[in-house]
Amino acid sequence: MHAESRCVRCGPVAPLHVPEHIDGQIVASVVDRVAADGAAERPGVPLWCPWPLPPGWTVTGVAWAGDDATGVRATAVACAGPAPLGGGPADLVLVAEEPGVGLGTRFAGVSGTDPGPELAEALTGPGAGLGHPEHVEPARIKVAGHPTPLWLVDSATDRSAYAGEARGMWLHAIAWPASAGHLLAEDVVLHDLTEWTPPELVYGAPSPYLHGKA
């Protein structure tokens, strides 16, 4: 018997809460839950969302991980729209999480709880910052007005995954199909919905990736 939620592969995990549908009221309820958990000694987890949304894109889901004992330890926002290189629809899931939660790596389809070792290799490995032909430059987006690098990390072959840091927490961006990661090469700006939720947000069909497809 265990008091905490457990994964058969990973052991103890923070339970994930995913509303079945998505609309403005549901986003507001998740925002209230996340914002209520913030405190001076433990800042609340951001709820990152592209704003403005890329042309043709919609918000397709929100989620949070945690329980009454631990509080909110991770959040996720899903979006969908036309693939940046054409060829059909694309999906993007943005995850903000405290160290050791593992929600971002779960959506990336890999084991482990943090991308730290991979990021350390990217930052200190051969060619880092020197234009080495095998060195992959980070995607550069704006997060709450600040330029923020996201580094390509391991993922399942049907998706691409990037990871970085914002507000002292991990920031993950996972895109389906893998080529949809090129969206991050565009002028993407992330906004924290717990600070302000734009009334102009457009909502689409619930994300299959928040509901188990990932």
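Guide: Start with Glu195. At 52% relative accessibility, Glu195 counts as exposed. Buried means under 20% relative accessible area, exposed over 50%, and partly exposed in between (1.4 Å probe, protein chains only). This is a predicted model: local features need pLDDT of at least 70, side-chain atom pairs count only at pLDDT 80 or more, and totals for chains, interfaces and linings use all residues. Residues are numbered from 1 along each chain as its sequence is written, and side-chain values use heavy atoms, leaving out hydrogens and water.

Visitor: What is a salt bridge, and which residue forms one with Glu195?

Guide: In a salt bridge, a side-chain nitrogen of Lys or Arg lies within 4 Å of a carboxyl oxygen of Asp or Glu. Here Arg167 pairs with Glu195, with the closest N and O atoms 2.8 Å apart. Arg167 sits in the loop between β10 and β11, and Glu195 in the loop between β12 and α4 (209–213), so the pair ties together parts 28 residues apart in sequence. Helices (H or I, at least four residues) and strands (E, at least two) are DSSP runs, numbered from the N terminus.

Visitor: Is Asp192 buried or exposed?

Guide: Asp192 counts as buried, at 4% relative accessibility. Arg167 is partly exposed, at 43%.

Visitor: How many salt bridges are there in the whole structure?

Guide: A search finds 4. One of them joins the side chains of Glu98 and Arg73 (3.1 Å, N to O).
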